Amino acid sequence: MAEHGGDAPGLGVDATPTDPGASDEAYYTVTADGTPSAFCLHVKVGRDKSGDYEAPGIAGRSYPQKAYTYSVTSREGEC
């Protein structure tokens, strides 16, 4: 999150997954230095077969590209 936050400050921000073994969804407890606040970030990924397509390749070969959807919600407090 800190890496892809655009121009938001990234130093002192920590996002820790609560269950690193989950395959299609994850909960992150987000904290930052200098504040007692914590937030729970829920990220879920799903397959969207309607968005799949074949990308052209070398020598007429094509490569299947799978489409996914993402859902992100947050709330105050740790996960």
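Visitor: How many helices and how many strands are there in the protein chain, and which residues form the disulfide?

Guide: This is a predicted model, in which local features need pLDDT of at least 70, side-chain atom pairs count only at pLDDT 80 or more, and totals for chains, interfaces and linings use all residues. Residues are numbered from 1 along each chain as its sequence is written, and side-chain values use heavy atoms, with hydrogens and water left out. The protein chain holds zero helices and six strands; helices (H or I, at least four residues) and strands (E, at least two) are DSSP runs, numbered from the N terminus. Of its 79 residues, 11% count as buried, where buried means under 20% relative accessible area, exposed over 50%, and partly exposed in between (1.4 Å probe, protein chains only).

Against this setting stands the disulfide. A search of the whole structure finds one such link, a disulfide being a pair of cysteine sulfur atoms within 2.5 Å. In general, it is a covalent bond between the sulfur atoms of two cysteines. Here the partners are C40 and C79, with their sulfur atoms 2.1 Å apart. The link of C40 and C79 is right-handed, with 110° about the S-S bond. C40 belongs to strand 3 (residues 38–47), while C79 lies in the segment after strand 6 (68–76), so the pair ties together parts that are 39 residues apart in sequence. The two ends can also be described by their accessibility: C40 is buried, at 4% relative accessibility, whereas C79 is partly exposed, with a relative accessible area of 37%.
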